[in-house]
Amino acid sequence: KNTIRFIFLGSLNNKKLNKIILKFNLQEITLITKRLNNEEIKLYLENASLFLHLKFGNRKEIITSKQADYLKFQKPILLPFTDGGDIEESINCNNSGYVCNSELEIINVLDNAYQKFLKSEIEITNYNDASNTRGFWAKKFINMILS
């Protein structure tokens, strides 16, 4: 518990997140920040071991720009419960992390990631496609709206 840290960047005003952290007694190992500029956020992303990507309610048609940021930093992405859509497809197509369908799968992925962390092994994904940028996904979203 004292070597793991959950960091939620830019989520300071998310009341639901705060309730979940309290419910599971994770306050000691959790940091929630205000919105950060690109330089501030870059330091966190470069030093992360694993990116946690949560699905967005029932939305699954448009991949988030956050996904493009995660792909850029080539660290594994954990989607704890499948979104059945773009995020899962991106992770699978780009071989960029783990999509879980059960609590046991999540535990196994986290345990493996933690063991690698303890051994100072850095897992790097092979994804390096320049087309996956925030701009790329913004254009995709605009084209969908206009069509």
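This passage describes the fold, the surface and several local features of one protein. The model is a predicted one.

The protein contains six helices and five strands. Along the sequence, these elements follow the pattern β-α-β-α-β-α-β-α-β-α-α. Contacts were examined between residues at least 6 apart in sequence. Of these contacts, 56% join residues at least 24 apart.

Burial and surface were then considered. The protein has 147 residues, and buried residues make up 28% of them. The accessible surface comes to about 10,300 Å². Carbon and sulfur atoms account for 54% of that surface.

Helix α1 spans residues 15-23. The N-terminal end of α1 is capped by Asn14. In this cap, a side-chain oxygen of Asn14 lies 3.1 Å from the backbone nitrogen of Lys16. Beyond the other end, α1 is followed by Asn25, a residue with positive phi. Asn25 lies in the loop that leads from α1 to β2, a strand covering residues 30-32. The phi angle of Asn25 is near 55°, and the residue is not a glycine. Is Asn25 buried, exposed or partly exposed? Its relative accessibility is 46%. Buried means under 20% and exposed means over 50%. Asn25 therefore counts as partly exposed.

A positive phi also occurs at Gln74, again in a residue other than glycine. The value for Gln74 is near 55°. Where is Gln74 found? It sits in the loop between α3 and β4. Helix α3 covers residues 65-72, and strand β4 covers residues 77-79. The relative accessibility of Gln74 is 23%, so this residue counts as partly exposed.

One of its members, Ile142, is found in helix α6, which runs over residues 134-146.

Definitions and conventions: Residues numbered from 1 in each chain as written. Predicted model: local features only at pLDDT ≥ 70, side-chain atom pairs only at ≥ 80, totals over all residues. Heavy atoms only, no water. Helix = DSSP H or I, 4+ residues; strand = E, 2+ residues; numbered from the N terminus. Buried < 20%, exposed > 50% of the residue type's maximum accessible area, 1.4 Å probe, protein only. Contact = heavy atoms within 4.5 Å. Areas by Shrake-Rupley, 256 points an atom, 1.4 Å probe, with all protein chains shown as cover. Polar contact = N/O pair within 3.5 Å; in protein donor to acceptor, adjacent residues only side chain to side chain.
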